[in-house]
Amino acid sequence: MKHIVFVLGVAALLFSSCREDKQVDARPTESSFSALTMTEDAAVRLRYDMITATFVLPEDPADTTDLTIEEKALATPVYRGKRVNQMVYKNGTVDADMEKGLEESLPDYPDNAIGGKRAFPMAEEDQLHRIEVRGGTVTCYNAEGEILGSGLSNTGNIAYLQTAVQHLGEGGVLEGEQFEYVLESLRQAGFDIVDDAQHSNLAKWTYQRADGGQRILYIDKALQKITTRINVSASGETETVSQYLFEETDSGVVPVVHRFVTYFDSPFSETRMTIRKVSKFKNFEIEKNL
Amino acid sequence: MFVTRNKQYLFIVLCALIQANLLSPLHAQTRNTIWLDGLQTTSLGFKPSRYYDLKNYDFEDLVDTEFNPNAGYNPWLGVEGAADYLYPIVEGQNNVLGIAHDYGGLILRDLAIDDNDEISAMILNGVPNQGSSAISLVMGDSGGSSSDSRMQVILDEVKGIKQDDDCKDCNVIGQFENWVDEIAHPDNSSVFSDMKSDNVLINNLNAESPDIPFAIIWGSVQGVNTNQSIVTLMDSRASITGNDTELADCVSERLREQQKKLDDDELIKNIGLGLTLFKSIVELAGSLISDQVFGDPNDDDSNFDTGGFLEALAAFADSLKDPIIDYLESDSEIDQRAASLLRCQVANQMLSVKWELAMIDAGGTEVGLVDAPTDAALPFCEDHCWEQFGGTTPDRVAWGQCILECLQNNQAPQISVYLTPDHDLLLTKQEQQLAGQANTYHLFNHNHFQESRDRPGDNTSDLDDAFEELFSGSVSPAFAIPQQ
């Protein structure tokens, strides 16, 4: 698991903030959204499209009738579409292209709609349209190809990522009760993993966080993936829910949907509300060269 | 002799008359005007010198508000008080054209009712002719034990959300709150009360249409490619020209950073989609089984050593305990960071939505339906399945299955949206209108503060175009101002 942590950590450091540094030099346009392709020195490539909608609903459906008109307006989803192509190389570097797009898949709200859009709209030339990560440098562009800002990677962590890449193996999914042995090994290592009371195909892993809260993971034994992650506060309130939904396809098990939910108390009706960020994956591809 | 002397007298008189006419400081064609700014809290006021010096119109500004805002004119006396205070300036004058923005327009209208026809025409620019619902919200009682207005209570709660999440918003909320507090301040409440919708003053002014020609100039911020919001409203309020973008630039950068963080974390989490859970443990288990180190678990005759197998796996898992804990903590932090950023975004949305709805009669809000492509159906499915499997103890497995089935139905959803009429971020179009106008002019992409000013660097603007047509007299001679 340390390799996963290092991948996460390095990627986070690589994708450092794009400081305001607007320049007028235009990046040459490309006919396709990403030029990144699998090479001999690459370990893994992920390519997918995402349509994401963010909106607000009450935690309890029964509270819908008590909503104020402001809260109902916040239920109008804010949509965003993007294309992603990301590479993890054997030498520990990460390249990625992320570009805003898929407008044909998004609704077209009227100009005078309340909600359904970001609160403080930006001028077109200030909007982040594309992110490129190359050789540890992150560059942000607007729709005209003008550079909005850039950031540098932390090269000191490349060694960790190299180690992480070494541990990415092809490895198949274990069958039947064999995966139970994996879970049992973790139990014997001291982790709290039990079968879910409601769904026998799920294992529930409860971890006590350093801050007194809990991290609860639901593991689908058939997919052998963590499908749901929940944060619970020290006082027992659910803080976040992150859930992936998968489908079996000819090319394997692929993600279809990601749901992310967090909570707040609305000042309008004093109702406990949820912020939903739901994403639909399309055209998901994974290539490995390990 | 008598005839010759009379001719001499007549010639002298004629010469005197001609000389007097040429030397008179008030040329016969010069138009009398009064330019009435709004309250400094809600108006940047006019720049009459632009139209005198740059556009060469020939007028006398009887109220020199540009250099001394209170010279004969003090809007802080309230509508009726200011009109009474102003009247001596116009008393006895002839053919005065009144040009007013914001609160100044209410004063002008009141003056035109009570004068002796000195005011002969009015140009009403961004005037709350029907009152202001937004001002009513700002000044309205919160209903609780606190003396704060409802808007102030909401601001406090939005601020609370942002503070809990350390939202960095360039102090937009703080600036907006300062503005709201100024309007709602007890010392100012009697003045701003005149602007409230459905108050006695507004009703009295509207009891009859003005009996002199008047033109309406109104502003709005909607439309394609506008980026106006309360951020730009606060920028304009703090700007000399109405067009500074210091706050908007700061907010844009913060929003980009927030979006960047959300995207970064999403990239990180989605890398994990390509990995099998605890691959190293799975791989070890797989290799132990395939190499039959402890026998073949699928062969009942091989006496598979379950205990030994588990012991080997457990020892390996134990060696990974610290990295696993690091992973669990980091993974948890990523989700908490995403939650915090989302709450910051929604807090901004709450304020923006609340303010937009404040400008209209919420009971009469128009609801529209927007057709969406099938790819945009996910919120519809989330909503549909949440009603069945949500609540405080949700069944997330059934919820997830429901969503997948819903998506497979490939429904193209319809999305309900609430629609707002055109507005300038303080007044709606309807609030700026007044029946019986000689002509109406629309200042596109102008917020309330920008209506009385021009774009920097431009020699012409929407406001210039409106004034040019009016001052030409083509709409009505009542608005005419000659060229120098």
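**Close-up views of a two-chain model**

Buried residues make up 45% of the 484 residues that form chain B. Please keep in mind as you look around that this is a predicted model.

**View 1. Chain B on its own, with 18 helices and eight strands.** Start here to get to know chain B, where 45% of the residues count as buried.

**View 2. Chain A on its own, with four helices and 14 strands.** Chain A has 290 residues, and 47% of them count as buried. Take the contacts in chain A between residues at least 6 apart in sequence: 54% of these join residues at least 24 apart.

**View 3. Where chain A meets chain B.** Here 107 residues of chain A are in contact with 103 residues of chain B. Which element of chain A gives the most to the side that touches chain B? That is strand β1 of chain A, residues 42–58, which supplies eight residues. On this side of chain A you will find 62 nonpolar, 25 polar and 20 charged residues.

View 4. Three strands form an open sheet in the order β4(A)-β7(B)-β6(B), and their pairing is antiparallel. Strand β4 of chain A and strand β6 of chain B (366–371) stand at the edges; each has a single partner strand, so one side of each is left without a neighbour in the sheet. To find your bearings, look for A113(A), which stands opposite L419(B) in β7(B).

**View 5. Helices α6 and α14 of chain B, packed together.** Helix α6 of chain B covers residues 150–164 and helix α14 of chain B covers residues 321–358; they pack at an angle of about 165 degrees, with axes 9 Å apart. Because of that angle, α6(B) is roughly antiparallel to α14(B). The crossing of α6(B) past α14(B) is left-handed. From α6(B) come I154(B), V158(B), I161(B) and K162(B), and they meet R343(B), C344(B), A347(B), M350(B), L351(B) and K354(B) in α14(B). This contact between α6(B) and α14(B) has seven nonpolar residues, no polar ones and three charged ones.

**View 6. Helices α15 and α16 of chain B, a crossing pair.** The axes of α15 (residues 378–389) and α16 (residues 396–408) of chain B come within 9 Å and cross at roughly 140 degrees. That angle is why α15(B) counts as oblique to α16(B). Is the crossing of α15(B) past α16(B) left-handed or right-handed? Here α15(B) passes α16(B) in a right-handed crossing. On the α15(B) side, look for L378(B), C381(B), E382(B), H384(B), C385(B), W386(B), Q388(B) and F389(B); their counterparts in α16(B) are A398(B), W399(B), C402(B), I403(B), C406(B) and L407(B). The residues of this contact between α15(B) and α16(B) comprise eleven nonpolar, two polar and one charged.

Terms used:
Residues numbered from 1 in each chain as written. Chains lettered and ligands numbered in written order. Predicted model: local features only at pLDDT ≥ 70, side-chain atom pairs only at ≥ 80, totals over all residues. Contact = placed C-beta atoms within 7 Å. Helix = DSSP H or I, 4+ residues; strand = E, 2+ residues; numbered from the N terminus. Nonpolar A, V, L, I, M, F, W, Y, C, P; charged D, E, K, R; others polar. Pairing = 2+ DSSP bridges. Buried ≥ 20, exposed ≤ 12 C-beta atoms within 10 Å, placed from the backbone. Axes fitted to C-alpha atoms, helices over the stretch in contact; angles between N-to-C directions. Parallel < 35°, antiparallel > 145°, perpendicular 65-115°, else oblique. Left-handed = near helix turned anticlockwise from the far one by under 90°.
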